[in-house]
Amino acid sequence: MISIFDYVGGNLRSVENTLGAIGAEYRVVRDVAGLKDAGAIILPGVGHFGQMMRALASSGVDRVLIEKISAGVPFLGICLGLQALFESSEEAPEQLGFGMFRGRIRRFCGTNTRVPHMGWNSLRRMGESRLLEGLGEEPYLYFANSYYAPVVEATSAACLYGEDFTAVLEKDNVFGVQFHPEKSGPVGLRVVRNFVAACS
């Protein structure tokens, strides 16, 4: 059973529709109690880094998420859900992330890049990727982000928008995607299906 955590700010309905389309069992949870027996967790995120992290911290959900991930529960962070895995963000410098990966989330600022990064873009594989299995070397996915995560050792695919940034993050039971699989058509469905397969 996959638990989708709703912090009242994620792209919830689209993620539910995607899981339903591939026949995955899921439930929406909104508090610590709902995460207690989660077999896998998805944290979809749309909006502001500080707002999301404060919402998670106010109810102690941030600590429980870290405990669950550290215990080996499969986790998929989408957009802000990926960014939460890092130490901090320029969007809310005073607010700490989960700190599972070193580095700071930064805002796009190149002279030839429009902000936000909006629309379809290709990925470049940087190693083995369970999430991108069966999708070729440079799949196209849909992005909508003004901030980006640095390329780190756990980056399994990068995207170029002014500079390279992490598009797919994978380490053991931890997965993250900067793009929106729920808005990426059949390719996005395959990414989510691959995550479900990795949970079993």
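Colleague: In this predicted model, which residue's side chain is joined to that of Asp 6 by a polar contact?
Modeller: Asp 6 sits in the loop between strand 1 (2–5) and helix 1. Apart from neighbours within four places in sequence, its contacts are Leu 12, Val 28, Val 29 and Arg 30. The side-chain polar contact is 3.0 Å, and the partner of Asp 6 is Arg 30.

Colleague: Is Asp 6 buried or exposed, and at what relative accessible area?
Modeller: The cut-off for buried is under 20% relative accessible area. Asp 6 falls under that cut-off and is buried, because its value is 12%.

Colleague: Where on helix 1 do its buried residues lie?
Modeller: The buried residues of helix 1 are Leu 12, Val 15, Glu 16, Thr 18 and Leu 19. Looking down the axis of helix 1, these residues fall within an arc of 160°, so they line one face of the helix.

Colleague: Which exposed residues are on the face of helix 1 turned away from its buried side?
Modeller: The buried side of helix 1 is covered by elements including strand 1, strand 2 (26–29), strand 3 (40–45), strand 4 (75–79) and helix 6. The face turned away from that side carries two exposed residues, Arg 13 and Ala 21.

Colleague: How are helix 1 and helix 6 oriented to each other?
Modeller: The axes of helix 1 (residues 12–21) and helix 6 (residues 185–199) come within 10 Å and cross at roughly 70°. That angle makes helix 1, relative to helix 6, roughly perpendicular.

Colleague: What arc do the buried residues of helix 3 cover around the axis?
Modeller: In helix 3 (residues 49–58), the buried residues are Phe 49, Gly 50, Met 52, Met 53 and Leu 56. They are on the same side of helix 3, because the arc they cover is only 165°.

Colleague: What covers the buried residues of helix 3?
Modeller: Both strands and helices take part. Among the covering elements are strand 1, strand 3, helix 4 (61–70), helix 5 (80–83) and strand 5 (86–89).

Colleague: Which side chain makes a polar contact with the side chain of Gln 83?
Modeller: Gln 83 lies in helix 5 and is buried, with a relative accessible area of 2%. Setting aside neighbours within four places in sequence, Gln 83 is in contact with Phe 49, Ile 105, Tyr 147, Tyr 148 and Gln 178. The polar contact, at 3.1 Å, is with the side chain of Gln 178.

Colleague: Is Ala 33 buried or exposed?
Modeller: Ala 33 is in helix 2 (residues 32–35). Exposed means over 50% relative accessible area. At 59%, Ala 33 therefore counts as exposed.

Definitions and conventions:
Residues are numbered from 1 along each chain as its sequence is written. This is a predicted model: local features need pLDDT of at least 70, side-chain atom pairs count only at pLDDT 80 or more; totals for chains, interfaces and linings use all residues. Side-chain values use heavy atoms; hydrogens and water are left out. Axes are lines fitted to C-alpha atoms, for helices over the stretch in contact, and angles run from 0 to 180 degrees between N-to-C directions. Helices (H or I, at least four residues) and strands (E, at least two) are DSSP runs, numbered from the N terminus. Angles under 35 degrees count as roughly parallel, over 145 as roughly antiparallel, 65 to 115 as roughly perpendicular and the rest as oblique. Buried means under 20% relative accessible area, exposed over 50%, partly exposed in between (1.4 Å probe, protein chains only). A polar contact is a pair of N or O atoms within 3.5 Å; within protein, one must be able to donate a hydrogen and the other to accept it, and residues adjacent in sequence count only if both atoms are side-chain atoms. Contact means heavy atoms within 4.5 Å. The arc is that of the directions from the helix axis to the C-beta atoms.
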